[in-house]
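Have a look at the sequence and the structure below, and then we can go through my notes together.

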Amino acid sequence: MAAESREHSEAQRGSGTQPAGEPRSGRGLIWAAAALGLLNAAPSVYWAFGGVALLETIGQWLIDLRGRSPLLVGTGLLGIALGKSAAAVIPLVAIHGLAARRVLWWNLSRLVAMALILYGAAGLVINLVLLLFPGLTAEDPTARWGQALLWYPMLLLWGLVLGVGLHRWRRRVSEGGPTPR
């Protein structure tokens, strides 16, 4: 009976299905989070090389600064894109064991998820409060709306997807299941 169960479990693993009470590995969510992170980094690269679409959703201050110091702003935006790209890829390194010190990469991935959730939620709430409550002045309303409806929700979503994926991955491994491939 145990041999049949083991064979059934291995066959399901090979076919891509899972038994009913077995937790999902979280691998797909971690890959989705990486895609969200790279998608979030892409506009920074675009803006660094002179693109203007959606730049006003960041703020007039950035448009003005770029007019005065295009090289400095371009370099800064490339640095931001590099940081976001690294944050997107680090969890993939952690789950696939592509580097030594897997625990370091794992903990760094969890820190990234927490930071994205906190930063995204705080930015979303602050911008919505500034926009929706009468009496508060919202300087640069285009930027406030862009941040409230696009940029901070994207960061929050990225962090939530990553956090759930990491949780599922860790749960699967800690329950003694094979490390998902």
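Over which residues does pLDDT stay under 50?

1. **Where to be careful.** That stretch is residues 1-23, for which the model has 13 contacts beyond four places in sequence. Here pLDDT is the predictor's confidence in each residue, from 0 to 100, and contact means heavy atoms within 4.5 Å. Where pLDDT is low, the predicted coordinates should not be read in detail.

2. **How the notes were made.** This is a predicted model, so local features need pLDDT of at least 70 and side-chain atom pairs count only at pLDDT 80 or more, while totals for chains, interfaces and linings use all residues. Residues are numbered from 1 along each chain as its sequence is written, and side-chain values use heavy atoms, with hydrogens and water left out.

3. **Confidence along the chain.** The protein chain has a mean pLDDT of 85, with 82% of its residues at 70 or more. Confidence is lowest in helix 1 (residues 2-15), with a mean of 43, and highest in helix 2 (residues 27-48), at 97. Helices are DSSP runs (H or I, at least four residues), numbered from the N terminus.

4. **Helix 4.** After helix 4 comes Gly97, whose phi is positive, near 60°.

5. **What helix 4 packs against.** Its buried residues include Val73, Leu77, Ala81 and Ile90. Buried means under 20% relative accessible area (1.4 Å probe, protein chains only). The partners of the buried residues of helix 4 are helix 2, helix 3 (60-68), helix 5 (102-132) and helix 6 (141-174).

6. **Ser109.** You will find Ser109 in helix 5. Ser109 counts as buried because its relative accessibility is 0%. Beyond residues up to four places away in sequence, Ser109 touches Ile90, Pro91, Ala94, Leu162 and Leu166.

7. **The largest core.** A nonpolar core is a set of buried Ala, Val, Leu, Ile, Met, Phe, Trp, Tyr and Cys residues joined through side-chain atoms within 4.5 Å. The largest has 22 residues, and Ile30, Trp106, Trp158, Leu162 and Leu166 have the most contacts inside it. Helix 6 gives the largest share of this core, eight residues.

Methods
Helices (H or I, at least four residues) and strands (E, at least two) are DSSP runs, numbered from the N terminus. Buried means under 20% relative accessible area, exposed over 50%, partly exposed in between (1.4 Å probe, protein chains only).
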